[in-house]
Amino acid sequence: MSMNPANSLCKIVAITLCLGVDAVAQPGRTPLVVVAPVVEKTVKATQDFVGTVNAVKRATVGSAVDGRVVGFPVEEGDRVKAMQPLAQLLTETISLELAAAEAELDLRKQKLAELRNGSRQEEIEQARARMSAAMARQEFAVARRKRAESLDRNASFISADELDEAIALAAEAQESYLEAKAAHALAVAGPRREVIAQAEAEVAVQRAIVQQLKDRIKKHTIISRFAGYVVAEYTEVGMWVKQGDPVAEVVSIDQVEVVAQVVEQSVPFLRLGDEVTVGLAALPGKTFTGKIAAIVNQADPRSRTFPIKIVVDNEIRDSGPLMMPGMYARVTLPVGGETVATLVPKDAVVLGGAQPIVYVIQGGERNSPATVAPVAVQLGVSSGSLIQATGGIRPGQLVVVEGNERLRPGQPVRMQRAADTSAGQARINPARSVTNP
């Protein structure tokens, strides 16, 4: 019996819609996940304490000099880098002083260089020529004096004035020659070391003046000494600030400090460097791992609690940091002796919902297909790459540690076991991989 092709196509489409997409899905579409076992391990008992998020660094940045604000490029909430300008003060007058001081410094450097280089050869030759000319004048004056003296002794006609003049001119020529000879010697010897030292001192003084002016100009640019966020503004363009006046307040929260008040009975179980879990009321299901940085050895006399400081690496997103100063925190701290706990790899925990969950493998033995089931858990103390999880899980079960971001309840999966999740290794051991048909 013949069949209408159009009717056949409609029947195929109807059958496909009835069976669903999964009925015609290719076997290769079953996702491959990495799994690791739930383990039991001896850990310390924990308890939740109330804490407050504080900034690790907080600075009210002030002005080092008096001046008028001509630039204020930041606003509250802006992120700033280390050494980034927060405000700029007027520097026109001091810039002119700096230009004049730099010119004077250059002049003194040139004079010092001239002294260090000594006399030029042309100057020495010039002094030698003057000395030779003075010597010639001296010889002429001495000869003239001798003739005058001879005429006077022979009773020749010569006046007393003419004799005195000849004697004076000879003496003057002698002194001029000695002066020219000394000048030539100085030209050959060059400047004295004492004169060079004086010039060096003048250069050093002027260089200090220039550096002082540069430092004053630098202080007219008010900067942040560390990276962080502007949380308060205290000035604006056009305002006059005095030395010491606040300009802006900056906090560093790339790392934050969570301060929890712990009762005295629990303090003996805390150790510096212990890893603890921190949660925020503003971020349900989101947890952070921090380390105990300080145990303050002074209790509040009214509450008998000790401040415990935990340093936590903040998570910075495009929208800003997740942990901000003043937030309410919940800190899970060890408060007792060791106990046996159920632990899962931290990578197995899926956050973002009303409660943390892990995907547990069901089936997967022999011909039974492996599927995943979400199990809600409560998190406890950390132990390396593992974290305590209480709820509907038991030791020996397999949980998904990779590929768990887009799973859905009851979804078939192909499994591959992690080599050693308890040691924090991410390498896969092919010999222990399990593949379902």
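**Figure 1. Strand β11 provides five residues of the lining of the second largest pocket, the largest share of that lining.** The structure shown is a predicted model. The second largest pocket has a volume of about 260 Å³. Its lining consists of 17 residues, and those nearest the centre of the pocket are Thr 287, Arg 330, Pro 356, Gln 378 and Leu 379. At least two lining residues are supplied by each of β10 (275-280), β11 (283-295), β15 (328-345) and β17 (371-383). Sorted by class, the lining of the second largest pocket holds six nonpolar, eight polar and three charged residues. Rolling a probe the size of a water molecule over the atoms shows where empty space is left.

**Figure 2. Strand β11 is joined by bridges to β10 and to β12.** β10 and β11 run antiparallel and are joined by six bridges. Together, β10 and β11 form a hairpin, with two residues between them. Leu 280 stands opposite Leu 283, a residue of β11. Strand β12 (residues 305-313) also runs antiparallel to β11, and five bridges join the two strands. Here, Ile 295 stands opposite Ile 308, which belongs to β12. In a regular strand, side chains alternate between the two faces of the sheet.

**Figure 3. Four strands form an open sheet in the order β6-β5-β3-β8.** The pairing within this sheet is antiparallel. Strand β3 (residues 67-71) and strand β5 (residues 85-89) run antiparallel and are joined by two bridges. Val 69 has Leu 89, in β5, as its bridge partner.

**Figure 4. Helix α3 packs with helix α4 at an angle of about 160°.** Helix α3 comprises residues 121-153 and helix α4 comprises residues 160-189, and their axes are 7 Å apart. Because of this angle, α3 is roughly antiparallel to α4. The crossing of α3 and α4 is left-handed. Which classes of residue make up the contact of α3 with α4? The contact of α3 with α4 contains 19 nonpolar, four polar and nine charged residues.

**Figure 5. The axes of helix α2 and helix α5 cross at roughly 160°.** Helix α2 spans residues 92-117 and helix α5 spans residues 193-219; their axes come within 9 Å. The two helices, α2 and α5, are therefore roughly antiparallel to each other. The crossing in which α2 passes α5 is left-handed. In the contact of α2 with α5, the residues divide into 14 nonpolar, two polar and 11 charged.

Definitions and conventions: Residues numbered from 1 in each chain as written. Predicted model: local features only at pLDDT ≥ 70, side-chain atom pairs only at ≥ 80, totals over all residues. Heavy atoms only, no water. 1 Å grid on protein atoms, 1.4 Å probe; cavity = no way out; pocket = protein on both sides within 12 Å on 5 of 7 lines; lining within 4 Å. Points joined across faces, edges and corners; volume = space filled by probe spheres on them. Nonpolar A, V, L, I, M, F, W, Y, C, P; charged D, E, K, R; others polar. Axes fitted to C-alpha atoms, helices over the stretch in contact; angles between N-to-C directions. Parallel < 35°, antiparallel > 145°, perpendicular 65-115°, else oblique. Left-handed = near helix turned anticlockwise from the far one by under 90°. Pairing = 2+ DSSP bridges.
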